[in-house]
Amino acid sequence: MLNIAHWIKYVPQWIIAITAFFGLWTWKKKLSYERKMRIVDNFHDAVHEFIIKVGSKIQILEFIKVSIEIYEQVFENDPARKEEFTCGLEEFIKTCGEKYSMLLKSELDDRPIIHIYTLSTKIHALNMKNSISAVNCYKQLEWFYDTIQKTAIKLSMTSLYWENPKVKEDMNQLKKLDIKQLKNSLHEAKDCMLKFARKNYNGL
């Protein structure tokens, strides 16, 4: 009886200790939940804003591709042009390239895509649910953004020596712009972002 009485007097301390432990555990869990929710919200908003901004460049890319095709057709049917240019693409770039390069680069900088990369890396590091979708989302957007940048750079090269076959071969990539693939990359990125967000909003 003495031993029982001895241990009973420690019961309140045990209760306090257990309560404190579970209180600390709940507090840490709440902090983790809130932190992850902020990451999900930030990723969702960053991707949404980026898609809206770069999505407007699709129409410019479509117009560039159609314009190149028109210049090529006119060049083939106009002998006078062949005395000044090697191909319709060269004429287009020397005539309009700088203007369309500026349109593509307008209001674009690296900060949004870097921000999305940072968030996707953090999501993967924290092993959040369906983190692969966040990573794939970034990859699609990075490819789209890189394509815009490379296209803008090529369009700005108005002083190239077009008699060089390697120059013409490299610049001919502009004629191979796949508008459908560019549109699909944005749709795929949005779909990946929504899959990631839904999984975490429902499962956190």
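A disulfide is a pair of cysteine sulfur atoms within 2.5 Å. By that rule the structure holds 0 disulfides. The sulfur of C137 is 6.2 Å from the closest cysteine sulfur, in C192, and is therefore too far for a bond. C137 is also buried, with a relative accessible area of 0%; buried means under 20% relative accessible area, exposed over 50%, and partly exposed in between (1.4 Å probe, protein chains only). C87 is buried too, at 10%.

This is a predicted model, in which local features need pLDDT of at least 70 and side-chain atom pairs count only at pLDDT 80 or more, while totals for chains, interfaces and linings use all residues. Residues are numbered from 1 along each chain as its sequence is written, and side-chain values use heavy atoms, with hydrogens and water left out.

The confidence score, pLDDT, runs from 0 to 100 for each residue. The protein averages 86, and 83% of the residues score at least 70. Confidence is lowest in helix α1 (residues 2-8), at a mean of 55, and highest in helix α6 (residues 131-155), at 96. Helices here are DSSP runs (H or I, at least four residues), numbered from the N terminus. Where pLDDT is low, the predicted coordinates should not be read in detail.

Helix α6 contains T147, which counts as buried at 15% relative accessibility. A polar atom of the T147 side chain lies 2.9 Å from the backbone oxygen of W143. Not counting residues up to four places away in sequence, T147 touches L177 and L182. K154 is found in helix α6 as well and is buried at 16%. Leaving aside neighbours within four places in sequence, K154 is in contact with I93, D170, M171, Q173 and L174.

Next come the aromatic rings. Rings of Phe, Tyr and Trp (its six-membered ring) pair if their centres lie within 6.5 Å; planes under 30 degrees apart count as stacked, over 60 as edge-to-face and the rest as tilted. The whole structure has 6 such pairs. One of them, F63 with Y100, is tilted, at 5.8 Å centre to centre and 45° between the planes. This pair links helix α3 (residues 57-76) to helix α4 (residues 88-105), across 37 residues. F63 is partly exposed at 47%, whereas Y100 is buried at 9%. Y71 and F92 form an edge-to-face pair, 5.4 Å centre to centre with 70° between the planes. Y71 is in helix α3 and F92 in helix α4, 21 residues apart. F63, Y71, F92 and Y100 form one aromatic cluster.

Notes:
pLDDT is the predictor's confidence in each residue, from 0 to 100. Helices (H or I, at least four residues) and strands (E, at least two) are DSSP runs, numbered from the N terminus. Contact means heavy atoms within 4.5 Å. A polar contact is a pair of N or O atoms within 3.5 Å; within protein, one must be able to donate a hydrogen and the other to accept it, and residues adjacent in sequence count only if both atoms are side-chain atoms.
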